Amino acid sequence: MAFRRIDLTPALRPLLLPSETLLFVQDAVGLYEGRYKVPNFQNGSAYLTTHRVCFVNNDEPRKFSVALELKDVERFELYIPFFQNGFLKSSPKITLYLRPSNPSLLDSRDRSTSRSPTYSPIPTPPRSSTPLQSAALNRQWICPICTFPNPFPSNFGHLAPIPPCLTCGVKPNRSILDAIVNSHTPAKHQNGISDDSILQAGIQRSKNACPRCTFENDQALRNCEMCGEVLSSHPIDDPSVARPSPSRDESPAPRYLGSVPAGEQIDCVKLSFRGGGEKPFHEKLKGAMVQRKWLLDQAPAVPAITSGAANLTLDPRESEASPRTPAPTERIVGVRGLERQNLALRMNNQRAIAGAFEDLEALMSRAKEIIALAENFATQLADNPSLANSDAREALSQSAAMLSLRPTDFTVTKDQISSSSSLSLYHAELARSIADFLADDTRSILKKEGGAITLVDLWAVYNRARGIELISPSDLESAAKLFDKLQLPVRLRQFKSGLLVIQERNKTDEKVAKSVVAWLDELSDLETRDTIADNKWGKSVLAKDAAEKFGWSIAVAIEELEMVEERGELVRDTSFEGVRWWKSPWYISE
Amino acid sequence: MANLKDKSALPAYYPEFYTFPPFYTRQPNAASWSSQLSQWRSFILAYCRAHKLWRLNLADTMETDLFYNKSINRKLPLPTIREVVDDLVKSSNAEWLSSEKSIAYIYWRTPEDFASQIYSWIDETGQKGTVLTLLELTEGDNTTQQEWYGMDQTMLVKCLNVLVKKGQAQVFSVGDDKGVKVW
């Protein structure tokens with residue numbers, strides 16, 4: 001079946017793909033394959049995203065979490081039992097009918113991977129996309145005159161005009177382009193026809209030799225390290241490479257599938273909504289299936305304006321490949337040509353910006369483009385020495401940074417949670433999303449704050465990252481209180497004074513105390529070395545010093561020091577100058 | 001005493017913590033506080049003994065070297081002094097003069113200790129059975145070498161009362177003066 005194991009975030013939510021967004025979450029969901037309940041997949045949360053339906057088991061999320069790509073779903077049905085509270089109780093279900101798998105693929109795979117006749121870890125490629133075009137985008141032809149690798153024309157055909165080389169302007173011979181078309185297509189067909197060819201493809205893939213320069217690249221690379229040629233075993237063409245999961249064969253879902261009575265074709269998957277919430281899920285699913293966001297990944301972005309704007313921002317190959325490219329009638333060369341080109345480019349950028357800000361919908365769909373534009377402006381600005389106005393520069397780079405915050409990754413909104421389930425699910429999801437937010441390596445918020453952040457600060461930072469759909473302080477608090485229950489990598493801690501702080505789970509009091517005392521020891525070592533006078537009491541510190549040293553906020557520093565004092569390892573010295581902290585001479589460690 | 005600023009010149013009965021700034025702050029931590037408290041107790045007793053101090057006027061002594069280390073500019077605050085003295089009272093090393101807790105007698109020996117000392121001195125000097133005035137005991141020429149020399153009259157009476165209870169002495173008034181007879 002098309003179920004795949006998925007990666008989870010540290011907070012045990014499904015790891016979303018770059019362009020994927022979460023649409024809906026529902027707990028108390030069970031999974032059926034065909035008519036059969038799947039063991040271990042009976043109590044979990046269902047996550048609906050723009051690309052997938054994910055199931056995360058409540059008890060052992062790391063083991064029993066799978067996803068189904070929406071592109072493999074042909075149609076779906078909502079089933080609501082008539083007597084929901086009657087004698088024979090049955091939960092409402094949503095049935096997802098899968099696209100029939102490609103038979104040739106199936107035959108070749110089942111012997112090598114699984115007992116199940118229906119097991120196919122590789123979903124069929126999306127039909128509605130235009131594979132030829134997307135493949136053409138990544139192809140190149142090499143100019144025989146100047147050896148520049150030009151992008152393959154997207155509209156190549158027998159009648160289409162042949163574009164000239166981008167650098168030297170000489171049209172290539174048609175046979176060169178034909179050779180490229182021929183060299184690529186057979187390679188595509190080879191994939192998965194017989195066992196032998198698979199074996200060979202596997203060997204070939206394992207080495208990942210470049211078709212142009214024959215350099216053996218690492219498997220993970222998409223382009224050749226040497227010459228930049230697109231490698232044939234492109235991860236998008238073959239998802240099994242894109243998601244290396246060596247233990248796939250042992251993964252629970254497929255194994256169960258193997259035990260389904262032979263001859264019975266499983267063509268549908270059911271989600272059983274024991275806690276309700278099937279209707280909003282159905283609605284969102286309908287929306288997702290209509291929108292088909294996954295197709296956008298392959299498409300070269302919004303066509304209306306990409307033509308020019310992309311020229312500046314995106315991969316030049318891609319933009320050249322778009323239909324506008326060659327205007328062979330008016331070819332102007334030299335400085336004037338460059339000027340003309342620049343002018344056109346500016347016009348297009350202008351259009352892109354004007355179009356994007358027309359309404360929010362458009363902005364979202366063009367977000368990528370606008371971010372790229374903003375970044376580009378920022379670098380241009382930074383490079384330009386004549387622009388002494390640092391304020392403007394800062395503002396621009398800041399807005400670029402704001403744009404790249406990508407709030408959607410961390411957002412859980414109330415309307416993603418069904419109203420039928422209690423508020424606690426919302427809080428649980430919120431807690432998970434906050435934990436993800438804090439654990440995100442690119443931001444390293446906790447690290448910047450010295451491993452502890454006050455609830456107030458977190459509220460501000462988190463809401464800024466969300467940008468829209470802000471959360472209330474009370475929601476944050478309720479969510480934070482669930483950290484422990486959900487076993488997330490962060491925990492909520494209340495200091496003596498009542499100050500609430502969020503900390504990494506592994507940051508225990510002992511560790512903090514140890515580091516503080518070690519720091520004081522280190523300071524007094526320095527002190528005795530520097531000065532002749534022997535100060536047997538060592539060195540004292542203010543809370544401010546500790547805050548600077550460990551990156552805490554002052555409030556956290558005071559609380560942490562008091563915590564260490566509570567343990568008896570520090571003593572305080574209150575004077576009119578403030579409270580100084582000393583290592584305790586009275587402390588006897590157990 | 002004259003040059004306290006020089007740390008090395010501190011008399012031996014000064015505790016090492018005398019120069020430790022946190023020593024002058026009441027530690028909130030119970031374990032730290034109990035160590036600190038016992039240091040302060042022994043320091044007060046040792047100090048009073050060295051200086052032959054019998055009664056401590058807290059407001060006055062606050063400014064003395066006992067509670068005020070000028071070299072590090074730290075002094076023990078009054079409430080904390082009270083707390084320490086309260087603890088001394090508990091172990092009968094001190095006694096409040098009044099309920100205001102501003103003046104306290106400091107017994108750097110317990111009344112029992114003093115009583116037995118006085119008894120043995122009277123015994124050694126063969127004065128059993130004779131009547132001695134209290135002034136003779138505390139201010140007399142014969143007792144200058146004794147530990148209780150210069151003791152406060154009220155305190156002396158308390159100590160002698162220990163003997164009275166044991167039936168070894170009798171205290172009576174001779175006009176304004178008080179006398180004691182030990183046998």
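Predicted model: local features only at pLDDT ≥ 70, side-chain atom pairs only at ≥ 80, totals over all residues.
Local features need pLDDT of at least 70, side-chain atom pairs count only at pLDDT 80 or more, and totals for chains, interfaces and linings use all residues. Residues are numbered from 1 along each chain as its sequence is written, chains are lettered from A and ligands numbered from 1 in the order in which they are written, and side-chain values use heavy atoms, with hydrogens and water left out.

**View 1. Chain A on its own.** Chain A has 20 helices and 17 strands. Helices (H or I, at least four residues) and strands (E, at least two) are DSSP runs, numbered from the N terminus. Of its 590 residues, 43% count as buried. Buried means under 20% relative accessible area, exposed over 50%, and partly exposed in between (1.4 Å probe, protein chains only). Take the contacts in chain A (heavy atoms within 4.5 Å) between residues at least 6 apart in sequence: 58% join residues at least 24 apart.

**View 2. Where chain A meets chain B.** Chain A gives 19 residues to the contact, and chain B gives 17 residues. Together the two chains bury about 1500 Å², 60% of it on carbon and sulfur atoms. Buried area is the accessible area (1.4 Å probe) that two parts lose on being put together, summed over both. Within chain A, the most area is lost to chain B by Trp537(A), Arg572(A) and Trp586(A), together 47% of what that side buries.

View 3. One salt bridge is counted between chain A and chain B. Asp573(A) and Arg74(B) form it through their side chains, at 2.8 Å, N to O. The term covers a side-chain nitrogen of Lys or Arg within 4 Å of a carboxyl oxygen of Asp or Glu. Helix 20 (554–566), strand 16 (570–575) and strand 17 (578–583) of chain A each give two or more residues to the side that touches chain B. Strand 16 of chain A has the largest share, six residues.

**View 4. An aromatic pair in chain A.** Phe550(A) and Trp552(A) are stacked, 4.7 Å centre to centre, with 25 degrees between the planes. Rings of Phe, Tyr and Trp (its six-membered ring) pair if their centres lie within 6.5 Å; planes under 30 degrees apart count as stacked, over 60 as edge-to-face and the rest as tilted. Phe550(A) counts as buried because its relative accessibility is 19%. Trp552(A) counts as buried too, at 7%. Over all chains, the structure holds 26 aromatic pairs.
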